[in-house]
Structures are given as structure tokens and as C-alpha cells.
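Thanks for asking me to look this one over. Could you keep the model open while you read my points?

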Amino acid sequence: MYVQLKQRDMRRPPVNVSTLARMKREGEPIACLTAYDASFALLVDQSGVDLVLVGDSLGMVIQGHDTTVPVTVDDIIYHSKIVARSLTHAFLVADMPFMSYSEPEQALDNAVRLMQEGAAMMVKLEGGMGQRKIVEHLARHDIPVCAHIGLRPQSVHKIGGFRVHGRDPDQAGQMVESARRLEDAGADLVLLECVPNELGQAVARQCRVPVIGIGAGPNVDGQILVLYDMLGITQGPVPKFVRNFIDEAGSPLAACEAYVAAVKSREYPAPEHCFS
Ligand code: KIV
């Protein structure tokens with residue numbers, strides 16, 4: 001029992017939900033990246049990233065789809081279990097794909113699979129207040145949950161494209177309210193995508209749990225980027241919030257280390273990566 005923990009390098013103890021909560025309390029920014037395979041996961045972990053997400057963005061950057069909608073639970077499990085083999089420090093979160101959490105029992109079955117077969121330590125699902133019951137059900141069964149609000153890529157066909165959310169004051173107020181309701185329902189983490197700086201700051205201030213931003217400005221508790229975007233692998237236009245870290249750093253490991261340093265020092269995101 002606990003052999004794996006003993007084998008870990010205890011100079012950098014593994015991150016868990018308590019570590020993330022402490023980082024929020026102490027104001028230490030949480031550096032997060034996505035990963036989808038063992039080789040990249042190893043260097044992301046070595047770079048000092050606190051949290052790795054096996055995101056359903058893999059549908060776009062690995063599988064070549066236009067959206068995340070076609071990704072399945074089996075796809076996430078496949079990638080999550082190979083990423084898990086490389087991690088000794090970072091906390092592993094796996095995405096619940098489109099329509100894999102529409103009913104509480106279905107959500108629980110799929111979350112259990114992501115944790116048991118995919119070795120995930122937390123699951124992430126998209127949605128606002130409407131997902132309260134699902135989050136409650138998972139939390140009641142001790143499944144750690146990250147609630148993804150703001151731009152929700154799984155809803156791209158319903159909302160008509162990838163765009164900034166919460167510019168309208170009513171919408172912004174609802175988003176703060178959603179974040180609070182979701183944490184009351186048991187969410188341990190909030191991921192906030194593509195919102196104006198001011199709203200990012202308001203959500204982070206109002207939430208007790210850490211709020212990780214992607215395109216949510218500098219005043220949140222942590223940052224996440226899609227690995228292939230920040231390494232300049234993604235071809236064509238990338239979102240405004242992406243910074244290419246490899247051009248200056250020269251190697252993938254150095255780029256991830258530069259990202260961690262820029263998040264920790266709050267040098268990233270800079271004004272040119274933010275929405276107003
Ligand atoms: O799937 C994904 O990679 C995400 C991003 C917001 C990081 O959810």
C-alpha cells in the first residue's frame with residue numbers, strides 16, 4: 001500500500017486538492033497545462049506544472065476534429081491512463097466528454113471509469129447552474145469535481161461559435177452566481193474560459209475554491225493553456241489569450257518551465273492576452 005507515493009520524489013510532493021486550496025489561500029498562482037501522451041506529460045511534470053488536464057481539446061489537437069463534441073469517454077480514458085504513468089508531481093484532471101454527464105447516475109458511472117480506468121484524480125464538466133445536481137451527486141460520492149464555466153466548447157453548436165462570454169452585466173452577474181452555486185454543490189475547482197478580466201477577478205474573489213482561468217485575465221488563482229497552443233504546434237490562428245513560449249525558450253521543456261515561471265510571477269497573461 002502507498003508504494004507509489006513512497007517512490008515519488010518527496011522534494012516535490014504530489015499536488016492534491018488540499019495543495020490547490022492552500023495555494024489559493026496563500027496567493028500562489030496555480031500553473032496548469034493540458035497533456036495527452038506519456039512523453040509530453042513527463043516534461044510537463046518535470047517543468048513544475050501543478051495540474052495536468054487531459055482535456056477533450058484532444059478531439060481537436062490529437063484527433064483533428066473541428067470541435068470537442070466527437071470525443072468519447074473511452075478516448076479520455078485511453079489518454080488519461082497514459083498521461084498518469086508519467087506524472088509524479090502534478091494533479092491529474094480528466095474531462096467528462098459531451099453528453100457523458102447528462103443524468104446523475106450516468107455521470108457517476110462515467111466519472112468512476114475516468115478515475116478507476118483513467119487514473120484521474122478529479123473530473124471536469126462543463127456547465128453553469130444547470131449542472132448543480134450532477135455536481136452534488138458526484139460530490140456526495142467523493143468524486144472531486146472541476147466546474148467549467150464561461151465559454152463552454154461542448155456547446156459550440158448551440159451558442160454559435162467560440163467567443164467571449166459575460167460582457168453583458170446580467171450575464172456576468174449570473175456567472176458569478178453560477179460559480180458560487182457550483183462550489184456550494186461541492187465543486188472543488190472552477191475553470192473559467194474566455195471572459196473579461198473584471199469578471200475573472202470577480203469570480204475568483206467570490207469563490208472559496210481556486211478559479212483557474214483560460215482567457216480570464218491575470219486576477220484569477222491560476223492559469224491553464226492547451227499544450228499544443230503554447231508550444232506553437234497548433235497551425236493557423238490561435239485565440240488571443242495564447243502566448244507562444246517555445247520561440248524564446250527553444251525546447252519543449254524550457255518552454256513549459258518558462259510558462260510556469262511566467263504564471264507564478266503573474267507576467268502571463270499580459271494585457272495583450274486579455275479581454276475587456
Ligand atoms: O479541453 C481542454 O483542453 C480544456 C481547456 C479549457 C483547457 O478544457
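1. A word on conventions. This is a predicted model, in which local features need pLDDT of at least 70, side-chain atom pairs count only at pLDDT 80 or more, and totals for chains, interfaces and linings use all residues. Residues are numbered from 1 along each chain as its sequence is written, and side-chain values use heavy atoms, with hydrogens and water left out.

2. The barrel. Eight strands close into a barrel in the order β1-β2-β3-β4-β5-β6-β7-β8, with parallel pairing. Strands here are DSSP runs of E with at least two residues, helices are runs of H or I with at least four, and both are numbered from the N terminus; two strands pair if DSSP finds at least two bridges between them. On average, neighbouring strands of this sheet are turned by 25° against each other, direction ignored. For such angles, axes are lines fitted to C-alpha atoms (for helices, over the stretch in contact), and values run from 0 to 180 degrees between N-to-C directions.

3. β4 pairs with strand β5 (residues 145-150) in the parallel sense over 4 bridges, and Lys124 has Cys146 as its bridge partner in β5. Helix α13 (residues 252-264) packs on the sheet, where it touches β1 (30-34) and β8 (222-225), and its direction makes about 145° with that of β1. Contact means heavy atoms within 4.5 Å.

4. The model has 12 salt bridges, each being a side-chain nitrogen of Lys or Arg within 4 Å of a carboxyl oxygen of Asp or Glu. In one of them, Lys124 meets Asp95 with the closest N and O atoms 2.8 Å apart. This pair links distant parts of the chain, since Lys124 sits in strand β4 (residues 122-126) and Asp95 in strand β3 (residues 91-95), 29 residues apart. Lys124 is buried at 3% relative accessibility, and Asp95 is buried at 2%. Buried means under 20% relative accessible area, exposed over 50%, and partly exposed in between (1.4 Å probe, protein chains only).

5. A pair joining a loop and a helix. Arg208 forms a salt bridge with Glu183, with 3.4 Å between the closest N and O atoms. Arg208 lies in the loop between α10 (197-206) and β7 (211-214) and Glu183 in helix α9 (residues 169-185), so the pair ties together parts 25 residues apart in sequence.

6. Last, a network. Glu28, Asp50 and Lys264 are linked by salt bridges into a network.
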